[in-house]
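Subject: Handover of a protein structure

Dear colleague,

Please find below the structure that I am handing over to you. The notes that follow it set out what was found, and I would ask you to read them with the structure open.

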Amino acid sequence: MDNIAIQVTNVEKIYKLYDKPSDRIKEAMGFGRGKHHREHHALKGVNMTIRQGECVGIIGTNGSGKSTILKIITGVLTPSRGEVKVNGRISALLELGAGFNMEYNGIENIYLNGTMIGFSEKEIDEKMDAILEFADIGEYVYQPVKTYSSGMFVRLAFAVAINIEPEILIVDEALSVGDVFFQAKCYHKFEEFKQMGKTIVFVSHDLSSISKYCDRVVLLNQGTKLGEGEPKQMIDIYKQVLVGQYTVPDLESGHGSLLDDEDLRRAAAGHKEAGAGQAGGSVKVTLADGQVPGGIAENPEHLEYGSKKALITEYYITDEKGTKTSAILKGSSFTICMKVRMMENLHAPIFAFTIKNVRGTEITGTNTMFEKAFLEPVEAGEVREVSFTQEMNLQGGDYLLSLGVTGYENDDFTVYHRLYDVLNLTVISDKDTVGFYDMNSSIKIRKIK
């Protein structure tokens with residue numbers, strides 16, 4: 001445990017579910033034979049090692065066990081099986097304000113929470129000014145918290161948790177609270193924690209934040225750990241899970257062990273032979289002449305999946321002269337092109353592109369539904385050539401292009417074919433400004449005196 005902050009070993013959490021309250025009483029009193037409950041496995045043998053100074057993200061769909069594992073780490077819940085070891089003082093932003101006494105005022109709740117974490121009254125006194133300044137709720141801090149608006153309640157809870165200088169910070173969907181100015185303050189404090197080398201465990205549905213802040217990401221689904229790896233890698237697989245295009249390993253049968261780094265590499269490259277040809281597996285498109293589609297600077301390890309009701313058979317980027325290239329001059333016009341073959345009759349396919357940075361953060365993108373450019377039915381056998389033309393205003397550097405064809409079937413969102421990070425896009429620039437893109441400001445300076 002020298003450099004390990006959190007060690008989770010074979011943790012399971014099982015809840016007993018009863019159809020009616022009387023069944024709970026019957027079982028408690030020992031009436032009748034057999035069980036009166038059903039078991040719900042919120043976590044199934046989860047293992048996790050988080051080292052000191054790491055920022056680890058946990059992602060997954062609703063009900064995957066993310067909040068459950070955080071509550072077990074912080075001691076709010078007890079695991080049904082397994083063991084958790086924590087080396088360091090924890091501050092948790094779970095359900096914000098959990099542990100607050102609604103009858104106490106803000107000041108009293110600050111002392112209550114600080115004492116629960118292990119601080120003396122003198123230590124809390126020393127931190128009081130910083131907490132009050134961060135919360136910025138004025139004289140309301142002397143009123144019972146039951147009179148607070150939801151925004152004030154959240155501000156005080158966050159201020160207490162973030163200003164007690166923990167060794168380990170646990171954050172569950174708490175960085176997007178309050179107004180835009182308070183959110184900016186929260187993210188700034190979060191970055192300070194990273195720079196100070198604090199250990200952070202971060203759960204969020206905001207994939208851009210996960211990509212930006214986390215060194216490593218753990219992916220959970222239905223209580224099972226699917227794997228862990230670099231943020232971009234795990235986010236791409238998570239997106240497959242979201243649209244039902246990823247086959248969850250059958251751990252109980254012994255087939256399909258948890259994804260390790262090699263599994264993840266193969267999944268991202270689309271080389272899972274067991275899944276090839278299945279809707280839930282990878283889809284490797286081959287043209288009639290036997291050539292794999294692609295343009296200049298194609299990524300050989302791009303992630304590819306879909307139901308195959310439509311297939312992207314060709315894709316490339318052209319500059320303002322119409323030349324195929326992966327290098328675009330900043331400020332010039334460029335076009336993203338793809339050809340799509342319809343394998344079945346479709347009501348209204350949606351064609352899309354997304355540009356991400358190398359860390360996997362989505363920078364920009366659009367689709368034909370957003371642009372109201374194409375909302376027509378198509379027939380099997382048709383080939384559509386789709387082109388998106390725009391001005392390049394991104395800062396100089398390397399980016400990744402993703403393409404997709406999706407649609408709605410009986411109001412259900414369906415992925416026909418997606419190619420994640422399939423092409424490299426290099427922006428050549430002799431002038432970079434602040435942030436992701438250039439607003440092309442026009443500057444005027446005049447002397448008035």
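**Backbone angles**

Asp411 is exposed, because its relative accessible area is 73%, above the 50% mark. Please note that this is a predicted model. Asp411 is placed in the loop between β17 (397-409) and β18. Although Asp411 is not a glycine, its phi is positive, at about 70°. Most residues other than glycine have a negative phi.

A positive phi also occurs at Asn10, again a residue other than glycine, where the value is near 50°. Asn10 is found in strand β1, which covers residues 4-17. With a relative accessible area of 45%, Asn10 is partly exposed.

**Salt bridges**

A search of the whole structure gives 21 salt bridges. Several of them are described here.

The side chain of Glu191 meets that of Lys212 in a salt bridge, with 3.6 Å from N to O. Glu191 belongs to helix α6 and Lys212 to helix α7 (residues 207-213), so this pair ties together parts that are 21 residues apart in sequence. Glu191 is partly exposed, its relative accessible area being 27%. Lys212 is also partly exposed, with a value of 46%.

Lys194 forms a salt bridge with Asp215, and their closest N and O atoms are 3.7 Å apart. This pair links distant parts of the chain: Lys194 is in helix α6, while Asp215 is in the loop between α7 and β8 (216-221), 21 residues apart. Lys194 counts as partly exposed at 28% relative accessibility, and Asp215 is partly exposed with a relative accessible area of 42%.

Asp432 and Lys330 form a further salt bridge through their side chains, at 3.6 Å from N to O.

**Aromatic pairs**

The count of aromatic pairs comes to eight. The rings of Phe190 and Phe202 have centres 5.1 Å apart and planes at 50°, so this pair is tilted. The two residues come from distant parts of the chain, twelve residues apart: Phe190 is in helix α6 (residues 180-195) and Phe202 is in strand β7 (residues 199-203). Both Phe190 and Phe202 are buried.

A second pair is formed by Phe353 and Phe388, whose ring centres are 5.0 Å apart and whose planes stand at 65°, so this pair is edge-to-face. Phe353 is in strand β14 (residues 350-356) and Phe388 is in strand β16, and the pair links these distant parts of the chain, 35 residues apart. Phe353 and Phe388 are both buried.

Phe190 and Phe202 also belong to a cluster, in which ring pairs link them with Tyr213.

**Surface patches**

Which residues form the negative surface patch? They are Glu121, Glu123, Asp125 and Glu126. Of these, Glu126 lies in helix α4, which covers residues 121-135. Glu126 has a relative accessibility of 58% and therefore counts as exposed.

There is also a nonpolar patch on the surface, formed by Met369, Phe370, Leu375, Tyr408 and Phe413. Together these residues have about 510 Å² of accessible area. One of them, Phe370, lies in the loop between β15 (362-367) and β16 (383-391). Phe370 counts as exposed, because its relative accessibility is 56%.

Yours sincerely,
A colleague

How values were computed
Residues numbered from 1 in each chain as written. Predicted model: local features only at pLDDT ≥ 70, side-chain atom pairs only at ≥ 80, totals over all residues. Heavy atoms only, no water. Patch = residues over 30% accessible without salt bridge, like charges linked within 9 Å, V, L, I, M, F, W, Y side chains within 5 Å. Areas by Shrake-Rupley, 256 points an atom, 1.4 Å probe, with all protein chains shown as cover. Salt bridge = Lys/Arg side-chain N within 4 Å of Asp/Glu carboxyl O. Lys, Arg positive; Asp, Glu negative; His and termini not counted. Charge placed at Lys NZ, Arg CZ, Asp CG, Glu CD. Helix = DSSP H or I, 4+ residues; strand = E, 2+ residues; numbered from the N terminus. Buried < 20%, exposed > 50% of the residue type's maximum accessible area, 1.4 Å probe, protein only. Phe/Tyr/Trp six-rings, centres within 6.5 Å; stacked < 30°, edge-to-face > 60°.
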